[in-house]
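The stops below are given in the order in which they may be selected.

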Amino acid sequence: MMISNKMRDLVNSSSLIRAMFEEGKRLKSIYGPDKVFDFSLGNPNVEPPKEIVTAIHEILDEESPSMVHGYMNNSGYEDVREKIAAYTSEQYNTQVGKEHIVMTCGAAGGLNVLFKTLLNPDDEVIVFAPFFSEYRNYANNHHAKLVIVPSDKTSFQPDLKAFEQHITDKTKAVLINSPNNPTGVIYSHETLEQLSNIIKAKEQEYGHGIFLISDEPYREIVYDNIEVPYLLHYHTNAVIVYSYSKSLSLPGERIGYLVVHPKIEDVDDVMAGLNVANRILGFVNAPSLFQRVIAKTLGVKVDLSVYEKNRNVLYEHLTQLGFGVLKPEGAFYLFMKTPIADDKQFCKDAKAFNLLLVPGSAFGCPGYVRLAYCIAHDTVMNSLPAFEKLWQSYDMK
């Protein structure tokens with residue numbers, strides 16, 4: 001075997017989400033795209049705002065090619081970070097300087113840069129189920145252990161009593177994701193306040209810092225005027241991981257950033273570590289052109305009405321049929337309870353009706369499935385009879 005044992009195991013346990021996406025392409029080639037209802041992949045179907053295309057043309061026409069396409073500080077262009085810091089400070093009533101911003105290759109790159117900087121082998125990173133499945137790999141990349149804590153199944157807010165019991169002297173970080181993938185839940189003010197208080201008490205008990213990290217690629221995708229609390233108001237040893245992949249429909253451009261609390265423990269060492277990690281992990285720096293694009297389009301958003309319309313149609317239809325669904329507050333996912341315990345079998349059964357869903361097991365929460373509704377509205381409408389047939393196939397047993 002020429003590849004490493006570790007990589008062989010990773011290949012054998014390849015992403016269930018990607019597997020369903022590939023299955024969708026196969027089924028579409030057989031039945032036609034209009035007869036396959038692919039809810040597998042969180043790939044935004046809303047076009048990027050027109051301001052993005054305008055900014056690209058302006059930059060390429062007006063700015064020096066050697067600057068647009070050249071190297072810069074590993075943290076990113078200073079003027080770009082300065083604009084993001086100013087925007088962040090004004091938008092969220094906080095005080096962040098450019099020296100607390102690191103431009104990254106999306107949130108995934110940002111998390112790996114952060115983990116490389118903070119984690120020693122066998123350190124523990126706590127996450128709350130359900131959670132984005134790639135977190136397992138990100139922790140594994142840096143020889144850390146992912147510790148999974150359940151959420152309250154009625155609200156999908158973290159189970160704080162269980163959380164407190166899972167913290168040990170090896171806990172180095174707590175990773176949250178709000179708005180959440182796969183539930184669409186937004187962690188409340190009370191949740192963040194209590195999380196912070198528990199962590200602070202444990203920091204005192206164990207005599208070392210515990211970092212609270214918030215993964216926020218869906219921050220701007222919210223409904224019903226619900227507020228997403230800003231983590232830096234709750235915890236000092238805090239880092240926000242942000243990406244424009246979802247908020248501007250730019251997943252392929254790999255552009256995002258880290259916001260480090262200015263008063264984080266050992267702030268100078270942390271910032272120096274992030275700079276070095278960006279380089280030695282092979283990113284070197286975030287994509288130069290899109291750093292400049294983002295600086296010109298701060299505050300621009302995609303049209304959320306498409307997602308909201310899909311959410312409302314699916315939620316109403318599925319709940320009327322009898323499926324258990326918590327109405328999402330943000331992101332573009334529905335997390336639906338399965339009528340049988342085996343969520344993987346349920347996904348196989350759904351495939352008979354050309355419905356492609358992702359089992360909750362992929363997110364550490366069996367007994368549920370995720371539907372990514374960032375798809376064409378016609379596809380959502382055409383899928384409704386298929387969901388009805390799926391429900392009836394169980395109802396008649």
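**Salt bridges**

Eight salt bridges are found when the whole structure is searched. The model is a predicted one, and the distances given here are computed from its atoms.

Select Arg-219 and Glu-216 to begin. Their side chains form a salt bridge in which the closest N and O atoms are 2.7 Å apart. Both Arg-219 and Glu-216 are buried.

Next, select Asp-224 together with Arg-311. This pair also forms a salt bridge, with 3.2 Å between the closest N and O atoms. Asp-224 belongs to the loop between strand 6 (211-215) and strand 7 (238-243), while Arg-311 belongs to helix 12 (residues 305-321), so the contact ties together parts that are 87 residues apart in sequence. Are the two partners buried or exposed? Asp-224 counts as partly exposed, at 47% relative accessibility. Arg-311, in contrast, has a relative accessible area of 1% and is therefore buried, the limit for that class being under 20%.

The side chains of Glu-308 and Arg-311 meet in a salt bridge at 3.8 Å, N to O. Glu-308 and Arg-311 are three residues apart in helix 12, and so about one helical turn separates them. Glu-308 counts as partly exposed, with 26% relative accessibility.

**Backbone geometry**

Most residues other than glycine have a negative phi, and most peptide bonds are trans. The following stops depart from that pattern.

Select Ala-129 and Pro-130. The peptide bond that joins them is cis, with omega about 0 degrees. Pro-130 is found in the loop between strand 3 (124-129) and helix 7 (134-141).

Then move to Ser-178 and Pro-179, which are also joined by a cis peptide bond; here omega is about -5 degrees. The loop that holds Pro-179 runs between strand 5 (171-177) and helix 9 (189-206).

Turn now to Val-284. Although Val-284 is not a glycine, its phi is positive, at about 70 degrees. Val-284 lies in the loop between helix 10 and helix 11 (288-296), and its relative accessibility of 27% makes it partly exposed.

Asp-266 is the next selection. The phi of Asp-266 is near 55 degrees, a positive value in a residue other than glycine. Where is Asp-266 placed? Asp-266 sits in the loop between strand 8 (256-260) and helix 10 (267-280). With a relative accessible area of 51%, Asp-266 is exposed.

**The whole chain**

Along the principal axes, the C-alpha trace spans about 65 × 55 × 55 Å. How does the radius of gyration of the chain compare with that of a compact globule? For 397 residues, such a globule would have a value near 21 Å, and the chain, at 21 Å, agrees with this.

Terms used:
Residues numbered from 1 in each chain as written. Predicted model: local features only at pLDDT ≥ 70, side-chain atom pairs only at ≥ 80, totals over all residues. Heavy atoms only, no water. Helix = DSSP H or I, 4+ residues; strand = E, 2+ residues; numbered from the N terminus. Buried < 20%, exposed > 50% of the residue type's maximum accessible area, 1.4 Å probe, protein only. Rg over C-alpha atoms; globule rule 2.2 N^0.38 Å. Salt bridge = Lys/Arg side-chain N within 4 Å of Asp/Glu carboxyl O.
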